[in-house]
Amino acid sequence: MTIEELEPKELWSQFKKICDIPHPSGKEEQIGKFLQEFGQSLGLHTEVDEVGNVLIRKPASKGRENAPSVVLQAHMDMVCEKNAGTNHNFDTDPIKTIVDGDWLKAEGTTLGADDGIGVAAMLAVLSSKTIQHGPIECLITVDEERGLTGAQHVKANWIQSQTLINLDSEEDGRFCIGCAGGIDTVATFDIAKTQAPQGTFFLNINVKGLQGGHSGDDINKGRGNAIKILSRFLWNENKKFPLYIAEIAGGNLHNAIPREAHAQVCIPWEKKEEIRVDLNHYIATIESEYPTEKEFNMDIESMEATETVFDKVGTDKLITALYACPHGVIEMSKELENLPETSTNLASIKNIDGKIVVATSQRSSVNSKKHDIKDRVEAVFSLTGAQVKHSDGYPGWKPNMNSKIKQLVADSYEKLFGEKPSVGAIHAGLECGLIVEKYPNMDMISIGPTIIGNHSPAERCEISTVQKHWKHLVYILENI
């Protein structure tokens, strides 16, 4: 079976078009143009703001002119991650989809169901001639995955509706009325290079095969962090004998738990067998600590010597900072069961313009604790001489337990499917927090089908829940 054969065809056909158009975060020109032309081709009022957000308005169906106006909201960009060895250029190549039973996934890359499914649902609503609805606005934002840039620039007088349905949730039957706020912290190391010591042996140490995942949704699932696993090993070996780093890298995006990392190091020649023995013991330790990481792999490869390495002081400081940097859940919510309150993600380490740049991301539903954990991360890196900068961050979204749209969404789901949904907050960030700052009286909820493994090549979308999501969305629009 192919994606074109899936039901509901009106939604999946739009998602196929989205998959065919490259739309990485920060490079949404092609998808933005497509969305603008889509609205115009239907004769609908279509606007594009200065950052590339697209707003399309569809008039009410005949007889529904007096129904409340509603804005559907989603983001047009996707996280671009691929497996090692996968030949795919996200700037030019379409996403290759695979139907696997009740799941849709991609061939070695992220699928982009986050939030392509939300956008596809909006396009299906806009093009429908059968749905009976009141006035509809569709707001499709840019650059959500890198820092909610589009939502930050939404103008305060742009949206006319008083009710917003965000289509960026990722669990069938679980609806969101609140989310954590976040901030990014970046540490930059300017480490001197020196000649590689004589009598040393060069190795490439690799960490691969971890699940990764979303740094909000998956941070409490006990998954391994490739950078933390690598730095822990380096720190312990560096205590035993002199170790120099020639190159180190891992992870990619601030909001993804790193799946892979590697370091090129040199050690005393006579220690080359000892480090291999140590690695075997260490692998067993990690496997016992992370039983769900079934594909975890760590190995050492001999390599040609490089002329230069980081000097010893710089190597020691970098290893120490990476090992000491906190990662994971810092505190659980005292109000909502099984919900992280505060967390931090050691996201990536890259060589940029000759400097080592370490990216981290902090989240909390309590604003003061968001700043506390970012300050703790700063303190660790400052102690080792790094230059530290923070992003502006984004606010959380406080739940409104008296929300009218919450009641309609929950009641209609139970009526349609005979199941009582859960309604609460999530630890991930949503654009609703930024939008409600500019529209404080906006009644909001976030809904969506089941998408798992997002922000990693394991991302997949449950087809049967997309069918439910579409049926539910249509019912909401016809009954609001």
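## Close-up views of a predicted model

**View 1. A cis bond leads into proline 8.** Proline 8 is found in the segment before α1 (9–20). The peptide bond that reaches proline 8 from glutamate 7 is cis, with omega near 0°. Helices here are DSSP runs of H or I with at least four residues, strands are runs of E with at least two, and both are numbered from the N terminus. This is a predicted model, in which local features need pLDDT of at least 70 and side-chain atom pairs count only at pLDDT 80 or more, while totals for chains, interfaces and linings use all residues. Residues are numbered from 1 along each chain as its sequence is written, and side-chain values use heavy atoms, with hydrogens and water left out.

**View 2. Another cis bond joins aspartate 114 and aspartate 115.** For this bond, omega is about 5°. Look for aspartate 115 in helix α3, which covers residues 113–127.

View 3. Leucine 148 belongs to the loop between α4 and α5, and aspartate 353 to the loop between β17 and β18. Are they buried or exposed? Leucine 148 has a relative accessible area of 3%, so it is buried; aspartate 353 has 78%, so it is exposed. (Buried means under 20% relative accessible area, exposed over 50% and partly exposed in between, with a 1.4 Å probe and protein chains only.)

**View 4. Helix α6 begins with a cap at asparagine 225.** At the N-terminal end of α6, a side-chain oxygen of asparagine 225 lies 2.9 Å from the backbone nitrogen of isoleucine 227. (A polar contact is a pair of N or O atoms within 3.5 Å; within protein, one must be able to donate a hydrogen and the other to accept it, and residues adjacent in sequence count only if both atoms are side-chain atoms.) The 15 residues of α6, 226–240, should span 21 Å at 1.5 Å a residue, and the 22 Å between its end C-alpha atoms agrees with this. (The expected span is 1.5 Å times one less than the number of residues.) Buried residues of α6 include Ala226, Ile229, Phe233 and Asn238.

**View 5. Tryptophan 235 meets tyrosine 323.** The whole structure holds 8 aromatic pairs. In this one the ring centres of tryptophan 235 and tyrosine 323 are 4.9 Å apart and the planes are at 35°, so the pair is tilted. The pair links distant parts of the chain, 88 residues apart: tryptophan 235 is in α6 and tyrosine 323 is in α8 (residues 312–324). Tryptophan 235 is partly exposed at 26% relative accessibility, and tyrosine 323 is partly exposed at 31%. (Rings of Phe, Tyr and Trp, the last by its six-membered ring, pair if their centres lie within 6.5 Å; planes under 30 degrees apart are stacked, over 60 edge-to-face and the rest tilted.) Elsewhere, Phe175, Tyr413 and Phe417 form one aromatic cluster.

**View 6. The largest pocket holds about 780 Å³ of space.** Which residues are closest to its centre? Of the 43 lining residues, they are Glu171, Arg174, Asp217, Ile426 and His427. Strand β20 (422–426) is among the elements that supply at least two lining residues, and β20 gives the most, with 5. The lining divides into 14 nonpolar, 16 polar and 13 charged residues. (Ala, Val, Leu, Ile, Met, Phe, Trp, Tyr, Cys and Pro count as nonpolar, Asp, Glu, Lys and Arg as charged, and the others, Gly among them, as polar.) A pocket is an open set of points on a 1 Å grid over the protein atoms alone where a 1.4 Å probe fits, with protein on both sides within 12 Å along at least five of seven lines; lining residues have an atom within 4 Å of a point. Grid points are joined across faces, edges and corners, and the volume is the space filled by probe spheres set on them.

**View 7. The second largest pocket holds about 550 Å³ of space.** Of its 26 lining residues, Arg146, Asp184, Asn252, Leu253 and His254 lie nearest the centre. At least two lining residues come from each of α4, α5 (149–152), β9 (181–189), β17 (340–352) and β18. This lining comprises 10 nonpolar, 11 polar and 5 charged residues.
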